[in-house]
Amino acid sequence: MTAAMVMSLAACSGMSTRDRNTAIGAGVGAVGGSVLSGGSALGTVGGAAVGGVIGNQVDKR
């Protein structure tokens, strides 16, 4: 578990701030969509999509 976490963090080292925000938003959105829809695949995917868009737009000027 720890090795997977370290590897996933290392994968983000070359990402731009916007890319990181998009990935974080998608992850948070997927969890939120899953919780709100009772584990539905459609809710999880929808939450990830919405979260990714919001994360992408967070620091846009």
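Which residues are buried in α3? Gly47, Gly51, Gly52 and Gly55 of α3 are buried, where buried means under 20% relative accessible area, exposed over 50% and partly exposed in between, with a 1.4 Å probe and protein chains only. These residues lie on the same side of α3, because they cover an arc of only 135° around the axis, the arc being that of the directions from the helix axis to the C-beta atoms. On the other side of α3, Leu42, Val45, Val50 and Val53 are exposed.

The length of α3 can also be checked: its 17 residues should span 24 Å at 1.5 Å a residue, and its end C-alpha atoms are 25 Å apart, which agrees. The expected span is 1.5 Å times one less than the number of residues.

## The chain as a whole

The protein chain has 3 helices and 0 strands, which are DSSP runs numbered from the N terminus (helices H or I, at least four residues; strands E, at least two). Of its 61 residues, 13% count as buried.

## Confidence in the model

This is a predicted model, in which local features need pLDDT of at least 70 and side-chain atom pairs count only at pLDDT 80 or more, while totals for chains, interfaces and linings use all residues. Residues are numbered from 1 along each chain as its sequence is written, and side-chain values use heavy atoms, with hydrogens and water left out.

The protein chain averages a pLDDT of 85, pLDDT being the predictor's confidence in each residue, from 0 to 100. Among the elements, helix α1 (residues 2–11) has the lowest mean pLDDT (70), and helix α3 (residues 41–57) the highest (92).
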